[in-house]
Amino acid sequence: MLDVATVDSKEASRRPVLLFVAGESFAGESDAPETTASLQDEAMCFAARNGMVGVKVAYRLAPASPWPAGTQDVAAATSWVRQNIDLFGGNPEEIVVIGYSAGAFHVASFLAHPEFQTRDSNVAGAVLVSGLYRLSADASAAEKSYFGADASKYEHRSAFPGILTIDTPLLLAWSMLDPPRLVAQGEKLHELLCKSTAHCPHITVLKERVSLASVFARDAPSGGLAEPTLELVREIEARGLP
């Protein structure tokens, strides 16, 4: 499911697109929990306020939809956006997909596993926030519900090693108050990317354990994601200049 937020504009130029994929868990009874939807609404407003088009995605959850359903949903969403966002004034060549929490894994997995991508589903950049990128044997019940109980398959079902070979510009973020496991995941991904043949990503360490709502709100504290995200968008826009 997709929702689109934009503003009325008579400008002929097409605007960058922020595609939000947020979710606190891999499993649950609802495809679009009310709390997650409210977080994405605030982020979509951030996009519209800054002259962009905002899109939010609801992905399927385990146990009804196990791996790789979330990754496939991100691929389907980006494909739809590329083919239709011009109807809302968006530029299909300037799509930045933002993944938060479990959504960050689905975005990273989408980038890392081309076998799950669909026709015309490439993106111009990505922001990964407080995500889990490599599963281990101590996975939670919700994680096992999505990835399966066989730990021998976790490495193949993670974002590694594919995430280390992509050339998509990345902004990697986590909070100092995230659970130690998530901080370690963010730091390790940053380290490996900087050592890889791809590139060293932009990085932002948030001062608080925050949601998409608080880091993109009008009164977002300094050190949030708003300005780093806008900088990434500006870099992508500048690349398209003759």
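Select Arg-15 and Phe-88 to begin. A polar atom of the Arg-15 side chain lies 3.3 Å from the backbone oxygen of Phe-88. That is a polar contact: a pair of N or O atoms within 3.5 Å, where, within protein, one must be able to donate a hydrogen and the other to accept it, and residues adjacent in sequence count only if both atoms are side-chain atoms. Arg-15 belongs to strand E2 (residues 15-23). Strands (E, at least two residues) and helices (H or I, at least four) are DSSP runs numbered from the N terminus. Arg-15 is buried, at 9% relative accessibility. Buried means under 20% relative accessible area, exposed over 50%, and partly exposed in between, with a 1.4 Å probe and protein chains only.

The model is predicted: local features need pLDDT of at least 70, side-chain atom pairs count only at pLDDT 80 or more, and totals for chains, interfaces and linings use all residues. Residues are numbered from 1 along each chain as its sequence is written, and side-chain values use heavy atoms, with hydrogens and water left out.

Next, select strand E6, residues 170-175. Six of its six residues are buried. Leu-170, Leu-172 and Trp-174 cover one side, and Leu-171, Ala-173 and Ser-175 the other. In a regular strand, side chains alternate between the two faces of the sheet. E5 and E6 pair in the parallel sense over four bridges; pairing requires at least two bridges found by DSSP. Pick Ala-126 to see one of them: its bridge partner in E6 is Leu-170.

Move to Cys-194 and Cys-200. A disulfide joins them, S to S 1.7 Å. The term covers a pair of cysteine sulfur atoms within 2.5 Å, and the whole structure holds one. View along the S-S bond: the angle about it is 55°, and the link is right-handed. Cys-194 is partly exposed at 32%. Cys-200 is partly exposed too, at 47%.

Finish at the second largest pocket, with a volume of about 210 Å³. Of its 15 lining residues, select Glu-93, Val-123, Ala-124, Ile-236 and Arg-239, the closest to its centre. Strand E4 (90-101) and helix H7 (226-239) each give two or more residues to the lining. E4 provides the largest share, five residues. A pocket here is an open set of points on a 1 Å grid over the protein atoms alone, where a 1.4 Å probe fits, with protein on both sides within 12 Å along at least five of seven lines; lining residues have an atom within 4 Å of a point. Volume is the space filled by probe spheres set on the points, which are joined across faces, edges and corners.
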